[in-house]
Amino acid sequence: MSQDFSHTTVLLHATVNALVDPCFNAKSKAVHSPLPAQQKDGVFVDGTFGRGGHSRYLLSHLSPEAKLFVFDKDPEAMRVANELQAEDARVIPVHQAFSSMPEVLAEYGVSKVQGIMMDLGVSSPQLDDAARGFSFMRDGPLDMRMDTSRGITAAEWLNSASLEEIRGVIKDYGEERYAFQIAKKIVDRRQSNPFRGTLELAQLVAGVVKSREKGHHPATRTFQAVRVHINQEHEELARSLASVLDLLGTCGRLAVISFHSLEDRPVKQAIAKASSLDPELAKLPLRDSELPQARLINLGKVQASREEVQHNPRSRSAMLRVAERTAAK
C-alpha cells in the first residue's frame, strides 16, 4: 500500500479524526478533512495495521509520550510495522490477531486505551499479490491465509471438507444462493483433480452462477466466504467487540471500518447494545450514579465522500462506525 494518505488508505481522515477530535461529528463534511496536528496523549491501538496508512497518520496527531500498538496476522504487514518502529519508538508491533488485544496489552501493563481502530477484511496489497490467493482475477496458489505462517490453506480445506460444510460456509459467509450447487461441483471435481489455483475455483464457480450483480464477478461471494472461514474473521471480530468496553478508558473511542453487511452488522449490533439501557433498568427511576458506567455512545456512521471514491474505488462500500465510552460517574 502506498503511503499517500489521500488516495490509498480508506476513510483515512474520518477514522483518525474519530479517535482524536473531541468535536467529531459523523454528519459533518469536515470529518473527511485533515485535522491540524495535535498532541494527543495516551495509548492507542490499530487492530489491523496492513501497510500502516492509518497508523502513520494517527502518529502525526500523538504526543511524544503516546504509544501505538499495531496488530496484524500478516507477516508482510509485520515487516512494515517493524520498519515503522525503527523510525518511531512509539510504535509497538504485535504479530497477533486483534482479538488478542486484552492479553497482549495486559502483558505491557496497559489496562485502558484512548482509541481503537480496525479496518476489517482483506487489504489491497493482499488482493494485488497473486501469491496470496485472495484474488479471482489473477492465477496463484489457493492460499487465502492472512497469516501465512500457520493454519490450513483454502486449497487444503476445499479438498478435504464435507459437502455440507462447504455449502454452509458459502451460504453463511457469502450469502450465495447457489451455495449447494457450488459445493457439489467442488466435491465432484476434487475427486479426480484437487484444487491448487485460484482461477480453477473462480472458473468452476462462474460455470455454476448464471446470474450476478452488476459489476461483480460470479466468484465474488464464494471467495469472500472461503476467506472469512479460513481466517475465522467473524469469530475474531466477535471476541474483539466483546472486550471493547473493558479496554476503552473514559471517553475512549472505537472506530471500525467494514466493507459488507456481514462485517458491519455485528459492529452495529454491538454498539447499539452497549449504547442502550437494559429495558428493565429503563423502567426504574435511577439516579445518574446508579446507571451502568460501562456504556458506549453511538457517534454514527461515516461513508466515503464522492471525491474519495473517485480517487479510491475500494472505498465505495466502506462504512465507518464510531462509538465513545461514557464517563464513569
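**Figure 1. The largest nonpolar core of the predicted model.** This core comprises 36 residues, of which Leu11, Leu58, Val302 and Leu320 touch the most other members. Two or more residues each come from α2 (12-20), α3 (53-59), β2 (67-71), α4 (75-87), β5 (248-258) and β7 (319-325). Helix α2 gives the most, with six residues. Apart from this core lies another, of 34 residues, with Val122, Ala179, Val209 and Ile230 among them. In soluble globular proteins, nonpolar side chains tend to be buried together.

**Figure 2. Contacts of leucine 58.** With neighbours within four places in sequence left aside, leucine 58 is in contact with Val16, Leu19, Val20, Phe44, Leu68 and Met117. Leucine 58 is also one of the residues that touch the most other members of the 36-residue core.

**Figure 3. Pairing of strands β1 and β2.** Strand β1 (residues 43-46) runs parallel to β2, and four bridges join them. Within this pair, phenylalanine 44 stands opposite leucine 68 of β2; Phe44 and Leu68 are both contacts of leucine 58. Four of the five residues of β2 are buried, so the strand is largely enclosed by the rest of the structure.

**Figure 4. Strand β7 and its two pairing partners, β5 and β6.** The pairing of β5 with β7 is antiparallel and extends over six bridges; here alanine 255 has valine 322 of β7 as its bridge partner. The pairing of β6 (296-303) with β7 is likewise antiparallel, over seven bridges, and leucine 296 has arginine 325 of β7 as its bridge partner. In a regular strand the side chains alternate between the two faces of the sheet. In β7, Met319, Arg321, Ala323 and Arg325 point one way, whereas Leu320, Val322 and Glu324 point the other way. Seven of the seven residues of β7 are buried, so the strand is largely enclosed by the rest of the structure.

**Figure 5. Arginine 325 in strand β7.** Arginine 325 belongs to the group of β7 residues that also includes Met319, Arg321 and Ala323, which point one way from the strand. Its relative accessibility is 13%, and arginine 325 therefore counts as buried, the cut-off being under 20%. Lysine 112 lies 213 residues from arginine 325 along the chain, and their C-alpha atoms are separated by 11 Å.

Figure 6. Helix α13 (residues 261-275) contains 15 residues. From its first C-alpha to its last the helix reaches 20 Å, close to the 21 Å expected at 1.5 Å a residue. Its buried residues are Leu262, Glu263, Asp264, Val267, Ile271 and Ala274. An α-helix has 3.6 residues a turn, so residues three or four places apart point the same way.

**Figure 7. Aspartate 264 and its contacts.** Aspartate 264 is placed in helix α13. With a relative accessibility of 8%, aspartate 264 counts as buried. Not counting residues up to four places away in sequence, aspartate 264 touches Ser258, Met319 and Arg321. Met319 and Arg321 belong to β7, where they point one way together with Ala323 and Arg325.

**Figure 8. Helix α8 and its packing against α11.** Helix α8 has twelve residues and reaches 16 Å from its first C-alpha to its last, close to the 16 Å expected at 1.5 Å a residue. Ile166, Gly168, Val169, Ile170, Tyr173 and Gly174 are buried in this helix, and what covers its buried residues includes α7, α9 (179-190), α11, α12 and α13. The axes of α8 and α11 are 8 Å apart, at an angle of about 105°; the two helices are therefore roughly perpendicular to each other. At this contact, Glu165, Val169, Ile170, Tyr173 and Gly174 of α8 meet Arg221, Thr222, Gln224, Ala225, Val226, Val228 and His229 of α11. Glutamate 175 follows α8 and has a positive phi, near 50°.

**Figure 9. Glycine 140 in the loop between α6 and α7.** The loop that holds glycine 140 lies between α6 (124-128) and α7 (154-158). Glycine 140 is buried, with a relative accessible area of 11%. Beyond its neighbours within four places in sequence, glycine 140 is in contact with Ala130, Arg196, Gly197 and Thr198. Arginine 196 is 56 residues from glycine 140 in sequence, and the two are 8.3 Å apart in space, C-alpha to C-alpha.

Technical notes:
Residues numbered from 1 in each chain as written. Predicted model: local features only at pLDDT ≥ 70, side-chain atom pairs only at ≥ 80, totals over all residues. Heavy atoms only, no water. Core = buried A, V, L, I, M, F, W, Y, C linked by side-chain atoms within 4.5 Å. Buried < 20%, exposed > 50% of the residue type's maximum accessible area, 1.4 Å probe, protein only. Contact = heavy atoms within 4.5 Å. Expected span 1.5 Å × (residues − 1). Pairing = 2+ DSSP bridges. Axes fitted to C-alpha atoms, helices over the stretch in contact; angles between N-to-C directions. Parallel < 35°, antiparallel > 145°, perpendicular 65-115°, else oblique.
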